[in-house]
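Here is a walk through a fold, one contact at a time. Keep the model open beside the text and click along as you read.

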Amino acid sequence: MQKDIVINENNKISGTLNHITDYEKFSSNKEEQTGNYLALYFPEAKEGSTITCEIKGEGAVVKKPIEVDKSDGNIVLKIANKEQTIEVVCEVKETRTLDLSELELKTE
């Protein structure tokens, strides 16, 4: 799904997102099962804190905040383009915006 993903200290995410087809775990909607997906881990969520992520910008599939799974601290987001950003709201940390401009999005 992804390779060498790093969130730099300036909140820029770098690495490669592979192009995935038929990703049924993301959605039951066939149109939403193909694309580039970014998996992120938030240890604060696994520790019980509420964390939400919202993709901002053109091409966002879900246009509202999505809560990170508290059972494992993970969330998977569909990324449409590198101009999008991810707003991360955590009850125990300051809100931050993740920049996707340094990602490589594979098309096949």
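E102 counts as partly exposed, because its relative accessibility is 39% (buried means under 20% relative accessible area, exposed over 50%, and partly exposed in between, with a 1.4 Å probe and protein chains only). This is a predicted model, so local features need pLDDT of at least 70 and side-chain atom pairs count only at pLDDT 80 or more, while totals for chains, interfaces and linings use all residues. Residues are numbered from 1 along each chain as its sequence is written, and side-chain values use heavy atoms, with hydrogens and water left out.

What does E102 hold on to? E102 makes a salt bridge with K12, with 3.9 Å between the closest N and O atoms (a salt bridge is a side-chain nitrogen of Lys or Arg within 4 Å of a carboxyl oxygen of Asp or Glu). K12 is partly exposed too, at a relative accessible area of 25%. E102 sits in strand β9 and K12 in strand β2, so the pair ties together parts that are 90 residues apart in sequence. Strands here, like helices, are DSSP runs numbered from the N terminus (E, at least two residues, for strands; H or I, at least four, for helices).

Now look at β2 itself. Of the 6 residues in this strand (residues 12-17), 5 are buried, so β2 is largely enclosed by the rest of the structure. β2 runs parallel to β9 (residues 96-105), joined by 5 bridges, and L17 has L105 in β9 as its bridge partner. Two strands count as paired if DSSP finds at least two bridges between them. β2 also pairs with β1 (residues 2-7), this time antiparallel and over 4 bridges; there I7 partners I13 in β2. The hairpin of β1 and β2 has 4 residues between the strands, and N11 in that hairpin takes a positive phi near 65°.

There is also an open sheet of 3 strands, ordered β3-β4-β7 with antiparallel pairing. Its edge strands are β3 (19-20) and β7 (74-79), each pairing on one side only. β4 (residues 35-41) meets β7 over 6 bridges, and N36 stands opposite I79 in β7.

β7 turns up again in the largest pocket, where it gives the most to the lining, with 4 residues. β6 (66-67) and β7 each supply at least two lining residues. The pocket holds about 170 Å³ of space, and its lining has 8 nonpolar, 1 polar and 3 charged residues. In these classes Ala, Val, Leu, Ile, Met, Phe, Trp, Tyr, Cys and Pro are nonpolar, Asp, Glu, Lys and Arg are charged, and the others, Gly among them, are polar.

One of the residues lining this pocket is E67. E67 is partly exposed, at 44% relative accessible area, and its side chain meets that of K70 in a salt bridge (3.8 Å, N to O). K70 is partly exposed as well, at 34%.

How many salt bridges does the structure hold? The structure holds 6. K106 and E104 meet in one of them (3.4 Å, N to O), with K106 partly exposed at 33% and E104 partly exposed at 39%. Elsewhere, E54, K56 and E87 are linked in a network of salt bridges.

Key:
On a 1 Å grid over the protein atoms alone, a cavity is a set of points where a 1.4 Å probe fits but cannot get out, and a pocket is an open set with protein on both sides within 12 Å along at least five of seven lines; lining residues have an atom within 4 Å of a point. Grid points are joined across faces, edges and corners, and a volume is the space filled by probe spheres set on the points.
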